[in-house]
Amino acid sequence: MRRYLIAANWKMHGSLEMVHKFAESFDQDVDLGADVVLFPPAVYLNAMQGLTSKFVQSGAQDLGVALQGAHTGEIAASMIKDVGCSWVIVGHSERRNDQGESDALVAQKFASAIAADLRPIVCVGETLAQRDAGGAFAVVSKQLRAIIDLCGVSVLVKGAIAYEPLWAIGTGLTATPEQAGQMHASIRELIAVLDKDTAKATRIIYGGSVNPENAGLMFAQEEIDGALVGGASLQAHSFAAIIAAL
Ligand code: PEP
């Protein structure tokens, strides 16, 4: 049985004031049967951790692959772990596009996270043009193969896969539950060919304009194990409503 995973990706949004407001109204005092993970900008992690309960985990939005050294601006996996995070996002499409992160680099980041005992959420997904050309699964499987080739298949259970079609991120367009469910099933099948137990145990979550209205329909899909939420996670009430949709 896979435990649900609901993650809040604040991207480059927020302030200390917003962290306080969010934490005050985000009441998570019981285990709701899901891993709830907040990903504020790294500079706010400490404040967020100090204000949330033990039922709320935290993570960084990215990591640098070097262990330490002369890499200005980078944050090592061990440092993320050191400040009490258990998770990290790798390969978000905004980083793949804006910072030119390749599948190979994302795979290295996944490996660095695992080596530091962090749980990586790797984001995969296709553009609308790729989907329209019938190539959505080819894109997603290439992104995943890079990780499996470098790290092996069984490590996937230590993290999670976020299927995030690029055309649905921050656009208000959502994949239909069926489209998402189909892609999740194909991803699970890809893993199952290599290792059935890993396929059964790996969490595959959906991201792309998830909100309180559509979350329930997404979670009703057997293959959808939770959500990576951007815009709707910036306010405690809408993020809490998404969790409640479980
Ligand atoms: C995301 O940032 O991963 C995301 C899915 O954003 P949004 O929910 O705003 O589409």
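1. Helices (H or I, at least four residues) and strands (E, at least two) are DSSP runs, numbered from the N terminus. The model is predicted, so local features need pLDDT of at least 70 and side-chain atom pairs count only at pLDDT 80 or more, while totals for chains, interfaces and linings use all residues. Residues are numbered from 1 along each chain as its sequence is written, and side-chain values use heavy atoms, with hydrogens and water left out.

2. Largest pocket. A pocket is an open set of points on a 1 Å grid over the protein atoms alone, where a 1.4 Å probe fits, with protein on both sides within 12 Å along at least five of seven lines; lining residues have an atom within 4 Å of a point. Grid points are joined across faces, edges and corners, and the volume is the space filled by probe spheres set on the points. The largest pocket holds about 580 Å³ of space. It is lined by 20 residues, and those closest to its centre are Lys11, Met12, Gln61, Asp62 and Arg95. Helix 4 (residues 93-98) gives the most to this lining, with three residues. By class, the lining of the largest pocket has eight nonpolar, six polar and six charged residues; here Ala, Val, Leu, Ile, Met, Phe, Trp, Tyr, Cys and Pro count as nonpolar, Asp, Glu, Lys and Arg as charged, and the others, Gly among them, as polar.

3. Second largest pocket. Its volume is about 210 Å³. Of the 18 residues that line it, Arg96, Gly125, Val139, Gln143 and Leu166 lie nearest its centre. At least two residues of this lining come from each of helix 4, strand 5 (119-124) and helix 7 (136-151). The lining of the second largest pocket divides into five nonpolar, seven polar and six charged residues.

4. Ligand shell. The ligand is surrounded by 14 residues (a heavy atom within 4 Å). The closest are Lys11, Glu164, Gly170, Ser209 and Gly230. The shell has four nonpolar, eight polar and two charged residues.

5. An N or O atom in the side chain of Lys11 is 2.7 Å from an oxygen atom of the ligand. For the side chain of His92, the distance from an N or O atom to a ligand oxygen is 2.9 Å. Ser209 takes part through a polar backbone atom, 2.8 Å from an oxygen atom of the ligand. On its own the ligand has 300 Å² of accessible area, of which the protein covers 96% (Shrake-Rupley method, 1.4 Å probe; for residues, only the protein chains shown count as cover).

6. Positive phi. Most residues other than glycine have a negative phi. Ser209 is not a glycine, yet has a positive phi of about 55 degrees. Ser209 lies in the loop between strand 7 (203-207) and helix 10, and is buried at 18% relative accessibility. Buried means under 20% relative accessible area, exposed over 50%, and partly exposed in between (1.4 Å probe, protein chains only). Asp117, also not a glycine, has a positive phi of about 65 degrees. Asp117 is in the loop between helix 5 (103-115) and strand 5, and counts as exposed at 56% relative accessibility.

7. Asp225. This residue is in the loop between helix 10 (215-219) and strand 8 (226-229). Asp225 is buried, with a relative accessible area of 5%. The side chains of Asp225 and Arg188 are joined by a polar contact of 2.9 Å. The side chain of Asp225 also reaches the backbone nitrogen of Ile204, at 2.9 Å. Ala220 is found in the loop between helix 10 and strand 8, but counts as exposed, at 64% relative accessibility.

8. Leu190 is placed in helix 8 (residues 177-194) and is buried, with a relative accessible area of 12%. Leu190 and Leu144 are 46 residues apart in sequence, and their C-alpha atoms are 9.2 Å apart. Thr198 lies in helix 9 (residues 196-201) and counts as buried at 4% relative accessibility. Thr198 and Ser154 are 44 residues apart along the chain, with 5.7 Å between their C-alpha atoms.

Key
A polar contact is a pair of N or O atoms within 3.5 Å; within protein, one must be able to donate a hydrogen and the other to accept it, and residues adjacent in sequence count only if both atoms are side-chain atoms.
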